[in-house]
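Here is a short report on a two-chain model. Please read it with the structure open.

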Amino acid sequence: MSSTTSLPERSWISPDSIRFRKEEGGGLRAEWRSLCGGVTVRRLFPLSHPNSAIWVGDRSGNEWGVLRSLDDMEPVSLAALIDELRLSPFLPRITKLISLRRRLGSFNWAVETDAGGIRFTTGPLYETVAELPGGDRLVVDRDEQMYVLASDRMVDRKTRRKLAKWL
Amino acid sequence: MAPLTGSLPLAEASEAREGREGHEGHEGREAEEGEVLLGSWSSPMSETGRMERRTIALLVSRLEIRDGDGACLKRIDRHQTAEATIRETGGGAWLELTRQDGGVVRLAMCPLAGLGSLAELRDMIERWVSASPNSWAEPPLALAEKRTFGERSSGLEGAGEKLTWRRRVKALYGLLSYAAPHRKAIALSVAALLVGVGLETLPPYLMKLMIDEGVMRASMSRFGGIVALLAAVYALQAGFRVWRSSISITIGNRMMSHIRKDMFDKLMKLPVRYYEQRATAPFIGRIQNDTAWVQGFLSEGISQLAAAVVFTAAVFAILFAIDWRLALGVLVLLPVCALVVFWLWPKIRSLSNRTWNTQYWLQKYIGEALQGIRVIKAFHREEEEKRRFERYNEESVRRAIDQQRLLQWLQPGINLAVSGGVAAVWLIGGRFVIEGTASLGTLVAFTTYLAMLLGQLQWNMNLAGQANASIAAADRIFDLLGGEDELPVEGVPTPLPKDGSDIAFEGVSFGYEKGREILHDIRLTVRPGEKLGITGPTGAGKSTLLQLLGRFYDPDAGSIRIGGVDLRSAEPAGLRRHVGIVFQESFLFDGTIADNIAYGVEDATPERIMEAARLARASAFIERLPYGYDTRVGERGVRLSGGEKQRISIARTLLLNPAVLLLDEATSSVDQETERDIQAAIDYLCEGRTTIAIAHRLSTIRGADRIAVLDKGRLVELGTHEELAARGGLYRQLLEAGGM
């Protein structure tokens, strides 16, 4: 093994040590230790552990550290952070299936998501829907946009019936 | 991706909004405030990532963010604006405006489909920020434009509908086109079938004659004659069946071969990107099984359907001729049968699709597990993989059971209907015989015809199941055949100049996925015969640059030219001959060493193969092998070491003799001694050619004429080894890190 002394230590951020606020322009601002300013945040496990391992860094991409979890975070900070994480990555969660129609190899979806109503087109479902651990499913459309489709247990009966026709 | 708006259909809602925005929104306000609209941009998504419409309006002195009703939500003065930047979020991007005071404002957000449009907005704003005040007096300026991401998206959806219909007709035409070359044989088969149908309808009528004219009248001669005729009819039936089957077998297999060939041809034409997004293992099943289903339908199913229609019509005509009262009763049952079929058809189809999905996932899993068998064993994960297999297998079995259970109910149900129908006819017809309004022969013939009709109905249900599976298979085949071919050639294919051409990267930007740019604005010219080394940290975009030069992908922006010819318009075969590539991981096909060396050259003689191997420093190890050049290398060259495979791959490129040589870390996977050996082979290979070589080990490129250093997708340094080493930049850091 080569020497690890040159590797920078990972900075873990404890939830109670950092403050987040929304900026007037819509961005996110944070204060942690001696650092303060506009930040970029990213979920490092957006599908499997969305509420842990949140990367925090400045707008130029320099890392401040990684937030282990969102537990015990001050409520205003938590609200600001969650609002930002909803878009990092932008991964709409399908809450209701309005329609799913096949058009010779393509599937036209009309869905309600946590971001609003969306229509999109995917290829054949066997290629574009993948099961995630826990039962949720990942749907990838023709533009490579990803959506999370909740497990059968978490969607309404009509949605379940429409899905059962194809999946 | 397009918005879904309340109870209004998408197009109507969009028009309604556009109307308000266009007539009452922009123009009203602009007239009122004396401002000129220089440009606008709309998106179905708000800057907060909600599906709420936003419009960015650029006026002379300010910029406005407006909502779906045209109301101004935010305004930013032009003189406060410094620059516009796109910030990727993963799955989308924001456009951020930096103000002169350093503050940042999020102007807009787009999903992946709108990234191009967002870049246009950024450019529009940058032109707006830098435009001189004098130019404002003459609207429309160059930036007086309207970009509408939302409409563009929904417009595409409309186009998709038309495309679907075109594809549907094309698919049907395509399917029939496989049958077209065999139309004479098919016509013969149909003729045989029709004669067969005619013969099948005769026996019950002959039975009627046998009972009424022979048995009831006690006429031995008539009875014997009719029995002989019946035997002849059965013999003819058998003869026609054999004839028709032999025709179907021939044309069926020919059609299957044709479809398979087309599918494989298509797989060869599809771009690399197509395979990146899909598992390859299930293609084996698709080529084998889907073609078999379609072949079965084309060769047998169509003629059987036609036969079923003709047979049903013929039997009904006979039933009416025998006894119109009983026939009318049977006819009444037909709509009920039709309703049952219409109810069942989508269910069978859905179950068939769902079963196929699980089979696809199972095949995909098996393929992946077998490809990674060494890793599975190395990490001792056999038991875990067995459990995963069991999960996929169990799901596949469960769905197959669901499907078969429905069919299992179907069969006894139809049997019951057949028996019930026949019993009802016996009951009613028996009364007619007792009352003397019908003969016994008539009743026997009628019930026999009815049993045949209902038996046909039962057969038709099976046929429907087959047709379902065949249609689903045809759908998948045409999904594959309808895929976009390899990157298309723009305009007339242009041959590349033979030798001595420069290679120019002109503002090249590229990303494998939307929203993740790997290369940014690369500008670089490689002179004819020059040896250019490329280095940089992992993920800098080095290999991507070579992939673009080999035209496995096209740049998202900018162009690559060889001898002034844009690769997009270069003749593909010429490009492959012109540019030779030695990949980091050498792929060898399961054949002999000679086959692999001669892979790119059809008429390579043994002497040329041996010479290429000698120059690639491969001859020594090859010639020590018991079977020499005819040694089989195994799947992916598994029986050879990394260094041996790499030398064969160099020999393969040497034999091709390309004008431009691309080396993608060709010595990265071998030990130092082998590296020296291979490097010597590469040095020979490079002589007299334009060479672009990627290397992590800088020792392999320090002798290059120039070295390009990439970092985070940008060209950050360019010069000779000495110049770069003296400069103290990234190259110097890499050099020091490498201990050179």
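## Strands E3 and E4 of chain A

Arg29(A) has Gly38(A) in E4(A) as its bridge partner. This is a predicted model. Strand E4 of chain A covers residues 35–43 and pairs with E3(A) through five bridges, in the antiparallel sense. Two residues lie between E3(A) and E4(A), which form a hairpin. In that turn, Arg33(A) has a positive phi of about 50°.

## Strands E2 and E3 of chain A

E3(A) also pairs with strand E2 of chain A. E2(A) spans residues 18–22 and E3(A) spans residues 28–32. Five bridges join these two strands, which run antiparallel. Opposite Ile18(A) stands Trp32(A), in E3(A).

The hairpin of E2(A) and E3(A) has five residues between the strands. Gly26(A) takes a positive phi there, near 105°.

## A sheet in chain B

Chain B has an open sheet of three strands, in the order E6-E7-E8, with antiparallel pairing. Strand E6 (81–88) and strand E8 (104–111) of chain B are the edge strands, and each pairs on one side only. From one strand to the next, the twist averages 20°.

Strand E7 of chain B, residues 92–99, is joined to E8(B) by seven bridges. Trp94(B) has Met109(B) in E8(B) as its bridge partner. Helix H2 of chain B, residues 115–130, lies across E6, E7 and E8 of chain B. This helix runs at about 170° to E6(B).

## Recorded transmembrane regions in chain B

An unreviewed UniProt entry places the feature "transmembrane region" at residues 185–203, 223–243, 305–322, 328–345, 414–434 and 440–457 of chain B. What does the model show over residues 223–243 of chain B? The chain is 100% helix and 0% strand there, and the end C-alpha atoms are 31 Å apart.

Residues 440–457 of chain B are likewise 100% helix and 0% strand. Their end C-alpha atoms are 26 Å apart.

Notes:
Residues are numbered from 1 along each chain as its sequence is written. Chains are lettered from A and ligands numbered from 1 in the order in which they are written. This is a predicted model: local features need pLDDT of at least 70, side-chain atom pairs count only at pLDDT 80 or more; totals for chains, interfaces and linings use all residues. UniProt positions are given in the numbering used here, feature names are shortened, and annotations may be inferred rather than shown by experiment. Helices (H or I, at least four residues) and strands (E, at least two) are DSSP runs, numbered from the N terminus. Two strands pair if DSSP finds at least two bridges between them. Axes are lines fitted to C-alpha atoms, for helices over the stretch in contact, and angles run from 0 to 180 degrees between N-to-C directions. Two residues are in contact if their C-beta atoms, placed from the backbone, lie within 7 Å.
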